[in-house]
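Biologist: I am new to this structure. Could we go through a few places in it, one question at a time?

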Amino acid sequence: MIPVRDDLRALEGYHSAQVDVRVRLNTNESPTPPPDAFREAVAAEVSKVEWHRYPDRAAMALRVAIAESHGVDAAQVFVANGSNEVLQTVLLAYAGPGRVVATFEPTYQMHAQIARITGATVVEGERAEDFTLDPAEVERVLTEHQPHVVFLTSPNNPTGLVEPADRVQQLLDFAPGLVVVDEAYAQFADWTALDLVDEDTPLVVTRTFSKTWSMAGARLGYLVGPTWLVAELEKVVLPYHLDTVKQIAGRLALRYVEDMDDRVAQIVAERGRISSELEALGLTVIPSGANFVLFRPDGHDGRAVWQGLVDRSVLIRDCSGWPRLANCLRVTVGTRDENSEFLSALSDVLSASTADFRSHPQTEQNGADR
Ligand SMILES: *Cc1c(COP(=O)(O)O)cnc(C)c1O
């Protein structure tokens with residue numbers, strides 16, 4: 001075997017279980033597909049694609065459509081294969097060896113992961129027990145470490161907490177470098193940092209088609225930021241990285257904004273139902289502004305609860321072994337039926353586990369300590 005780069009040796013890949021189950025609520029996708037009219041429109045345009053030609057390298061029609069949807073200029077929009085590739089391009093341009101990237105944990109793992117792959121040093125700020133971010137910690141991390149890039153995820157993943165606007169403003173006041181606000185779930189929340197973007201502010205806001213737009217299969221994401229920054233990213237990204245079909249799909253999806261808003265409204269309503277039912281079951285629920293809910297089955301072993309759900313053909317995200325998320329589980333909001341199946345399977349698992357607790361109090365006690 002040929003040794004990999006020294007600094008990559010300790011890295012682990014990003015994992016998300018792909019188990020064959022009936023109800024899949026583990027990756028924050030939309031539970032429903034985009035409208036039929038969208039499919040038909042895409043099929044019609046794809047039938048006219050000139051397959052022997054490279055795509056529009058600047059993806060101009062798509063960028064214009066995205067820019068119009070946010071009331072910005074197309075030159076302020078950078079598009080890539082999923083917002084993960086957007087983040088990677090930002091980090092290739094602004095992080096890399098000898099540079100520092102800051103995150104506030106727990107948060108989306110790919111920020112630190114991609115930063116490390118570019119060779120940057122990652123500094124992890126800490127959130128409070130309730131997963132909120134203390135302004136004193138923001139100030140400490142930024143003044144002590146002077147990061148070239150600092151991330152905030154709002155709503156945060158995996159907690160679902162919406163970052164208050166004054167926290168983003170504080171980052172902008174203190175950050176010596178670039179501020180990236182990852183808004184993969186912005187449409188489920190009640191405010192966006194997009195209004196803060198302008199030519200004089202070192203801020204980018206990233207978005208994705210994977211969650212709200214029901215297009216995880218397309219791999220499409222973008223950022224809105226200053227034009228000078230977008231120009232740098234265009235130098236870094238591979239030529240023709242966005243294929244013709246994806247450019248068509250993204251542009252057409254934006255015509256169905258009302259359908260998207262309807263799906264979002266349904267998910268937000270179901271999120272409320274899930275949260276209150278979890279609370280009624282006596283579990284700790286983190287308030288969510290996203291399409292998922294993080295909860296802690298206090299008094300039960302999180303990993304065992306997760307397994308009990310898998311045994312009942314319901315897959316959610318097991319965060320119980322992640323740093324700072326001891327015993328936590330995350331459920332993506334699905335269709336009404338899927339959510340009901342999840343809730344009834346969960347209450348079943350919890351009563352079985354309570355019965356187990358009565359017969360083996362010792363074992364259960366150990367589990368609850370994790
Ligand atoms: C899902 C997610 C992404 C990834 O989006 P893609 O566009 O599918 O790459 C980015 N950021 C956060 C916080 C996410 O949860």
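Biologist: Leaving aside its neighbours within four places in sequence, which residues is Trp306 in contact with?
Modeller: This is a predicted model. Trp306 itself sits in helix H10, which spans residues 302-311. With neighbours within four places in sequence set aside, the residues in contact with Trp306 are Leu315, Ile316, Arg317, Asp318 and Leu329.

Biologist: Which backbone oxygen does the side chain of Trp306 reach?
Modeller: Ile316 is one of the residues in contact with Trp306. The side chain of Trp306 comes to 2.7 Å from a backbone oxygen, and that oxygen belongs to Ile316.

Biologist: Is Trp306 buried or exposed?
Modeller: A residue counts as buried when its relative accessible area is under 20%. The relative accessible area of Trp306 is 8%, so Trp306 is buried.

Biologist: How many Å separate the C-alpha atoms of Trp306 and Ser210?
Modeller: Along the chain, Trp306 and Ser210 are 96 residues apart. Ser210 is among the closest residues to the ligand. The separation of the C-alpha atoms of Trp306 and Ser210 is 25 Å.

Biologist: At what distance does a polar side-chain atom of Ser210 lie from an oxygen atom of the ligand?
Modeller: Thr208 also places a polar side-chain atom by a ligand oxygen, at 2.5 Å. In the side chain of Asn157, an N or O atom is 2.8 Å from an oxygen atom of the ligand. For Ser210, the distance from a polar side-chain atom to a ligand oxygen is 2.6 Å.

Biologist: What percentage of the ligand's accessible area does the protein cover?
Modeller: On its own, the ligand has 380 Å² of accessible area.

Biologist: Which helix gives the largest share of the shell around the ligand?
Modeller: The ligand is surrounded by 13 residues, including Ser83, Tyr185 and Lys211. By class, three of the shell residues are nonpolar, seven polar and three charged. The largest share, three residues, comes from the helix at residues 82-94, H3.

Biologist: In strand E6, how many residues are buried?
Modeller: Strand E6 covers residues 178-182. Leu178, Val180 and Asp182 point one way and Val179 and Val181 the other, and all of these are buried. The count for E6 is five of five.

Biologist: Which residue in E6 is the bridge partner of Leu152?
Modeller: Strand E5, residues 149-153, runs parallel to E6 and is joined to E6 by five bridges. The bridge partner of Leu152 in E6 is Val181.

Definitions and conventions: Residues are numbered from 1 along each chain as its sequence is written. This is a predicted model: local features need pLDDT of at least 70, side-chain atom pairs count only at pLDDT 80 or more; totals for chains, interfaces and linings use all residues. Side-chain values use heavy atoms; hydrogens and water are left out. Helices (H or I, at least four residues) and strands (E, at least two) are DSSP runs, numbered from the N terminus. Buried means under 20% relative accessible area, exposed over 50%, partly exposed in between (1.4 Å probe, protein chains only). Contact means heavy atoms within 4.5 Å. A polar contact is a pair of N or O atoms within 3.5 Å; within protein, one must be able to donate a hydrogen and the other to accept it, and residues adjacent in sequence count only if both atoms are side-chain atoms. A residue is near a molecule or strand if one of its heavy atoms lies within 4 Å of it. Accessible areas come from the Shrake-Rupley method with a 1.4 Å probe; for residues, only the protein chains shown count as cover. Ala, Val, Leu, Ile, Met, Phe, Trp, Tyr, Cys and Pro count as nonpolar, Asp, Glu, Lys and Arg as charged, and the others, Gly among them, as polar. Two strands pair if DSSP finds at least two bridges between them.
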